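Colleague: I would like to go through the labels used for this model one at a time. For each, please give the rule and then the value that meets it.

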Protein chains: 2
Amino acid sequence: MSPTTDQTAPTNVTEVLERLDELIGTLPKRLDQCAAFTRRHLHLIAVSTVSDMAREAGVAPSVYMRFCQALGFSGYSEMQALFRVQYTAFRPAYDERIATLRPEMEGGPGALLAEFAEAGHKSLMSLANTVTSEGLGAIAQGMAAAPLLHLVGMRRAFAVVSNMSYMLGKLEVPAVLHSDTGRLGGPGVVGAGQAVFAATFSPFSQETLDFARLAKERGALVYGLSDVEDCPLAEFADGLLIARENEVAGFRSLNASLTLTTALVVAIGALQEGN
Amino acid sequence: MSPTTDQTAPTNVTEVLERLDELIGTLPKRLDQCAAFTRRHLHLIAVSTVSDMAREAGVAPSVYMRFCQALGFSGYSEMQALFRVQYTAFRPAYDERIATLRPEMEGGPGALLAEFAEAGHKSLMSLANTVTSEGLGAIAQGMAAAPLLHLVGMRRAFAVVSNMSYMLGKLEVPAVLHSDTGRLGGPGVVGAGQAVFAATFSPFSQETLDFARLAKERGALVYGLSDVEDCPLAEFADGLLIARENEVAGFRSLNASLTLTTALVVAIGALQEGN
DNA sequence: TCGCAAATGGAATAAATGTTCCATATGGTC
DNA sequence: GACCATATGGAACATTTATTCCATTTGCGA
């Protein structure tokens, strides 16, 4: 049937990978090129044409065709089908509009995930409503100008500030993450002229609010992130960002918060780069 | 030019979403069907034909065609192209990240935020493509059945596991967060029958991989989260989730990862509740 | 109930994509 | 250096998929 191989075709992505690893090195130059490229860009198959793949791999379409056959497929279409099913296999039970968690669990974890994804889309869309370019820009500038940044956030907000801490580190922007683990450095270490970024969602963390207020009294610039406008931080902060997260049966992810803070950190990085 | 609308075509997923929400309810029955279905299955567009989408939406292909035009596109192909680019965009080199950012910074931090929001939408969409309901369900069950959960993740993955840790705590599910801070408990504390959830994104953290492998050898169940299929965890893990994050000038947020793990944690909580 | 405008679905057509074939090139062996 | 087996890429062909057209249906206002 297939001229180049009598091996049976892989039936899932794992098998494709196995076969790829098995073949790489043993194939003719151009086919090896296909294998190497494909190995690194498996995810492109589902959305590309043979010509696309061939071009990116640097070979002629007919070569890529033969490569598919060497893998055991009848042709590109068959291989592509394998990579496409995984996209279509996941059928979120989105269709039926479900209101509470228990019915959501009826549809299995897939339906639950679909609900959270949907909530994520909405959260991201509402970001545009609560954040202005000027507000974000002012905060980015304030933070970029500070010689040292302090990040505070407890509980749900901790993931947000710890992620900021990681990214700022990568960008080589001096920042300290104040976690409540072992009570390392409190607000006492914040110096005048430095900047604090405090994140707290309702119900607000008293510790975070206290830290921010004390830092402010010590002459630091205080910026904040919250999920509602009437966060106590608003009273004294030099800038406050709002990221409202849509919830699923009372549970909230952090899509808007992380997207907003990621953009903020990158903006800070870009500003510092410019200096 | 286009008979059904003189509106200009959306240029990104965010705009498609907005236009969809704007249009739903105002369109004729069949077109509304298309809009409703498409709103819930955005992720299918990249890998489906018009007939596929039309069939799933319960309309004739020509109707779906007109729906694309009502959205402002010239046809299905043009719309599909919009959903395909996200997969084909290649990542720029690390060093050039800030440099490639310049164009985005031109529009101020607001434009940057919009870029990250757009990337977030795409990440959430592709989540439905890399995760199956069964896979997620199996992992949720395995983790719910374990007497103790261990969470491991360094660097970019740390925010993910620390958020899981927080949520699991709220749900009163016994879990230990292993951070590398001060080298608290290594894999030695993991007992047979317990479960480990290890998150690591490429380039993978050797520490996380080692932890997971040792735990596996000690008889624990190992589940993982990564951003690519060929993560070393795949070799020995009992279950692996994939969350691919779209990037902006080389920077990635954590939308897909957090949404996925949030759904996972809630599923675990619901399963334990049932016991 | 009739007439009209809009919507609908099926069938025809156009475009693109996948696949195969074959002439030419390449590399190894005697 | 000639021969043979194998690899390669372009061009022809076949198939699938997108798009348009049009006859029929539907729903609304007179």
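What follows is a set of questions on labels and the values behind them.

Colleague: What kind of model is this, and how are its parts numbered and lettered?

Modeller: The model is predicted; local features need pLDDT of at least 70, side-chain atom pairs count only at pLDDT 80 or more, and totals for chains, interfaces and linings use all residues. Residues are numbered from 1 along each chain as its sequence is written, chains are lettered from A and ligands numbered from 1 in the order in which they are written, and side-chain values use heavy atoms, with hydrogens and water left out.

Colleague: What makes a pair like A:R244 and A:E229 a salt bridge?

Modeller: The rule asks for a side-chain nitrogen of Lys or Arg within 4 Å of a carboxyl oxygen of Asp or Glu. The N to O distance between the side chains of A:R244 and A:E229 is 4.0 Å, so the pair is a salt bridge. A:R244 lies in the loop between β5 (239–242) and β6 (247–248) of chain A and A:E229 in the loop between β4 (221–226) and β5, so the pair ties together parts that are 15 residues apart in sequence. Strands here are DSSP runs of E with at least two residues, helices are runs of H or I with at least four, and both are numbered from the N terminus. Side chains of opposite charge can pair when their charged atoms come close.

Colleague: Why is A:R244 called partly exposed?

Modeller: Buried means under 20% relative accessible area, exposed over 50%, and partly exposed in between (1.4 Å probe, protein chains only). A:R244 has 39%, so the label is partly exposed.

Colleague: Which labels do B:E22 and B:R19 get on that scale?

Modeller: B:R19 has a relative accessible area of 7% and is therefore buried, whereas B:E22 is at 49% and therefore counts as partly exposed. Their side chains meet in a salt bridge at 3.2 Å, N to O. Both residues lie in helix α1 (residues 13–23) of chain B, three residues apart, about one turn of the helix.

Colleague: Is B:R55 buried or exposed?

Modeller: B:R55 is at 53% relative accessibility, so it counts as exposed. Its salt-bridge partner B:E56, with an N to O distance of 3.4 Å, is at 35% and so counts as partly exposed. In chain A, the residues A:D52, A:R55 and A:E56 are linked in a network of salt bridges. The structure holds 15 salt bridges over all chains.

Colleague: How much area is buried between the two chains, and what counts as buried area?

Modeller: It is the accessible area (1.4 Å probe) that two parts lose on being put together, summed over both. For chain B and chain A the figure is about 5,900 Å², of which carbon and sulfur atoms give 71%. The contact, meaning heavy atoms within 4.5 Å, takes 65 residues from chain B and 66 residues from chain A.

Colleague: Which residues come nearest to DNA strand C?

Modeller: A residue is near a strand if one of its heavy atoms lies within 4 Å of it. Of the 15 residues around DNA strand C, A:V50, A:M65, A:Y76, A:S77 and B:R30 come nearest.

Colleague: Which atom of B:Y76 lies 2.5 Å from DNA strand D?

Modeller: A backbone N or O atom of B:Y76 lies at that distance from a phosphate oxygen of DNA strand D.

Key: A polar contact is a pair of N or O atoms within 3.5 Å; within protein, one must be able to donate a hydrogen and the other to accept it, and residues adjacent in sequence count only if both atoms are side-chain atoms.
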